[in-house]
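I opened my notebook to look up how this chain folds. My notes follow in the order I made them.

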Amino acid sequence: MLIGHALARDLEVEVFTNLVHVTPALWEAFSRPGVRLATSWYTDDPAEHAAITGRPSHARTRDGIIEALRRSIPLRVGIVGVRDGQRTQHAQANLAALGVTDIGHDDLRQVGRGVRGQMPSPDQLCGHCANGNVAVATDGTVWPCVFARWLPVGNLREASLRDVLAGPDMAAVAGQLKAAFTPVKMPCVPKMCDPQCGPSCGPACRPQCNPQGPCRPRGGCVPNYR
């Protein structure tokens, strides 16, 4: 399987799964050294969880989390906010009580299946696409980020990864993203400034959790659309 193929080439493996349908054979594969798991968690309320996922998956995902912890499989859980009033804080407390230590937070990003009221755009990204990382789809399509699927830069069935990364499409998309994430000088707005910064409003005085800040897909920041 793909896990064994990757491990045989000294690659680290992270499997993102809802932990709903995990066979004994998969648990054995997930327990191999070099493999870690990631899953999403939305709320401590089974009914609300089902309303979000579209299936009564709360108990099975919870059981999967417990089993992963029992097997000492490295696990990170992302709490994703998708609706007003969602019990995300209760979800974090629930996960901590189970023994999960790597808990992240994010809001729904309007990309892919998350698109709601707008078209995908760079303001939904963290600002580090194509910066030492890319995503490759099962059909060979290469994107600068798994969240930037509307910006294909090549296909591994048509060219090598080296050629794709050095190709004109990659250069064009990387330039587009760099321009989108270049910090813009902003006038000082009192509500945006820390009183300790005084009358000037430099970068250190503005909120740091935005595409120009230290955000990462695995970090605690969310896109600058709040």
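I began with the secondary structure. The protein chain has seven helices and seven strands. Helices (H or I, at least four residues) and strands (E, at least two) are DSSP runs, numbered from the N terminus. Along the sequence I read α-β-α-β-α-α-β-α-β-β-β-β-α-α.

I noted what I was working with. This is a predicted model, where local features need pLDDT of at least 70, side-chain atom pairs count only at pLDDT 80 or more, and totals for chains, interfaces and linings use all residues. Residues are numbered from 1 along each chain as its sequence is written, and side-chain values use heavy atoms, with hydrogens and water left out.

Next I looked up burial. Of the 226 residues in the protein chain, 37% are buried (under 20% relative accessible area, 1.4 Å probe, protein chains only).

Then I turned to the sheet. Which order do its strands take? The open sheet of four strands runs β1-β2-β3-β4, with parallel pairing (two strands pair if DSSP finds at least two bridges between them). Its edge strands are β1 (13-16) and β4 (102-107), and each pairs on one side only. Neighbouring strands are turned by 25 degrees against each other on average, direction ignored (axes are lines fitted to C-alpha atoms).

Strand β3 (residues 75-81) joins β4 in the parallel sense over six bridges. In this pairing, V80 stands opposite D106 in β4.

Last, I found a helix on the sheet. Helix α4 (residues 58-70) packs there and touches β2 (35-41) and β3. The direction of α4 makes about 150 degrees with that of β2 (angles run from 0 to 180 degrees between N-to-C directions).

Key
Buried < 20%, exposed > 50% of the residue type's maximum accessible area, 1.4 Å probe, protein only. Contact = heavy atoms within 4.5 Å.
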